[in-house]
Amino acid sequence: MYVKSIDIENIAGITKLDLNFNTQMNIVCGENEIGKTTILECVAHTFSISSTNILKRNVLSKYGKFESIINIDNQNINKIISINDFIPMSNTQIKGEYQKSKYLMSLKVGRTFNYENLQAVSKDVDKQEHIVYEEAKHGVNIHEIKNWFVNRFLYSAHAGSLTYEQSENLKLAKSCFSIIDDKFSFSRIMASDNEIMVNTPNGEIYYEYLSSGFKSIISILFGIIKDIEFRFKEPTIKAKDFDGIILIDELELHLHPIWQAKISNILKKVFPKVQFIVTTHSPHIIQNANPDEIIALKRDKNGIIIKKEIPNNEFGFQGWTVEEVLVDIMGMEDTRTEIYKNSIRNFQNAISIENYRLAKEEFDKLNKLLHPDNYLRKLLSFDLASIKGSEVD
């Protein structure tokens, strides 16, 4: 199952926006407050029912709606949901394709990783239909992963305790440490305190001692595998065979730029049949994406949110610098600080009036501000040398 397209009209800040999605990775990006999260919420609400106060109509319109085309078992299904309320605490009644809500997972920005002291290993959560379609709106709980992993590991020692699919999912979960970084691997579970131990280049450590970025990725991967098992019990399925939709808001959350560059490929490797629709503010994620994976948004001259045309080639943004992505895709007017911009402006003014003393003062400041290997330093020194013999006070 996957979402082919969505047509959003007068929802939040979006007046009219038509988007098509590919079947694997879709990365929604653009300047701040461009409507990225609204797109995810519209997709999520397509698979829910009852009431919501998360989505609101546009302030300038009397109505709002979105229409999704969902491919289910090779058949296209149109789903239209109206959102006509604007008051913050008021609810709108909706009826989406809630019968398929177990194929939709939404991971929101509230992803934290506090230490969990696992006193006992509890049974699986019973994910009944009403819980699952509420999770479409409010997000899945990724804080059950430690209990789930320890449970599966301990029962794997007893023949017949786990289904074949659960055993395969445990193998996949164990491999995730090395998929993220081949210098890491799962070690064992401590019988005395139910702690997860991990092999690292610096020795065996507690799972909780991993970096926040590493734990963030593990939590996403384990959270998805765990929820697949909780949702599909009769029959159970292998996580690698899950062919649903996963929404992740701010994919780069807690991740170092090195992890940001890798995260989308890690997700595709672990879950090859999933359609991902994610949002990001990270130029590193955009840099490393395939061109057909990028959904870049911008505002036109009238302030209307539209899809931005991106390079139509096999490489996308993979040859762009971070600064170029930030300015052209993320909407930053300038990537330099005010102190730098003021100093370079003063230097250029001093050069134009051939005031060597003022130019030298600004050059000395810029010499301290610039990166040690910045080529601009040599160009500025040429400009300074060109007026050295014609000082004007």
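**Reading a predicted chain**

Modeller: Start with helix H3, where Ile145, Lys146, Asn147, Trp148, Phe149, Val150, Asn151 and Arg152 are buried. Buried means under 20% relative accessible area; exposed means over 50%, and partly exposed lies in between (1.4 Å probe, protein chains only). Helices (H or I, at least four residues) and strands (E, at least two) are DSSP runs, numbered from the N terminus.

Colleague: What kind of model is this?

Modeller: This is a predicted model: local features need pLDDT of at least 70, side-chain atom pairs count only at pLDDT 80 or more, and totals for chains, interfaces and linings use all residues. Residues are numbered from 1 along each chain as its sequence is written, and side-chain values use heavy atoms, with hydrogens and water left out.

Colleague: How many helices and strands does the protein chain have?

Modeller: There are 11 helices and 15 strands. The C-alpha atoms fill a box of roughly 90 × 60 × 40 Å along the principal axes. Of the 393 residues, 49% count as buried.

Colleague: How do I read contacts across the whole chain?

Modeller: Take contacts between residues at least 6 apart in sequence. Here 70% of them join residues at least 24 apart.

Colleague: Where is isoleucine 14, and what does it touch?

Modeller: Isoleucine 14 is in strand S2 (residues 14-20). Its relative accessible area is 0%, so it is buried. Leaving aside residues up to four places away in sequence, isoleucine 14 touches Ile8, Glu9, Gly35, Thr38, Ile39, Asn58 and Ile305.

Colleague: Is threonine 46 buried or exposed?

Modeller: Buried, at 1% relative accessible area. Threonine 46 is in the loop between helix H1 (36-45) and strand S4 (49-52). Beyond four places in sequence, the residues touched by threonine 46 include Phe66, Ile81 and Glu97. Threonine 46 and glutamate 67 are 21 residues apart in sequence, and 8.4 Å apart in space, C-alpha to C-alpha.

Colleague: How do I describe two packed helices?

Modeller: Use the angle between their axes and the distance between the axes. Axes are lines fitted to C-alpha atoms, for helices over the stretch in contact, and angles run from 0 to 180 degrees between N-to-C directions. Here, helix H10 (residues 356-369) and helix H11 (residues 376-386) have axes that come within 10 Å and cross at roughly 170°. That makes H10 roughly antiparallel to H11. Angles under 35 degrees count as roughly parallel, over 145 as roughly antiparallel, 65 to 115 as roughly perpendicular and the rest as oblique.

Colleague: Which residues make the contact between H10 and H11?

Modeller: H10 gives Tyr356, Ala359, Lys360, Phe363, Leu366 and Asn367. H11 gives Arg377, Leu380, Ser381 and Leu384.

Colleague: And the backbone?

Modeller: Most residues other than glycine have a negative phi, and most peptide bonds are trans. Glutamate 33 has a positive phi, near 60°. Glutamate 33 is in the loop between strand S3 (25-30) and H1, and is exposed at 65% relative accessibility. Asparagine 194 also has a positive phi, of about 60°. Asparagine 194 is in the loop between S9 and S10, and is buried at 12%.

Colleague: Which peptide bond is cis?

Modeller: The bond from glutamate 234 to proline 235, with omega near 0°. Proline 235 is in the loop between H5 and strand S12 (245-248).

Key:
Contact = heavy atoms within 4.5 Å.
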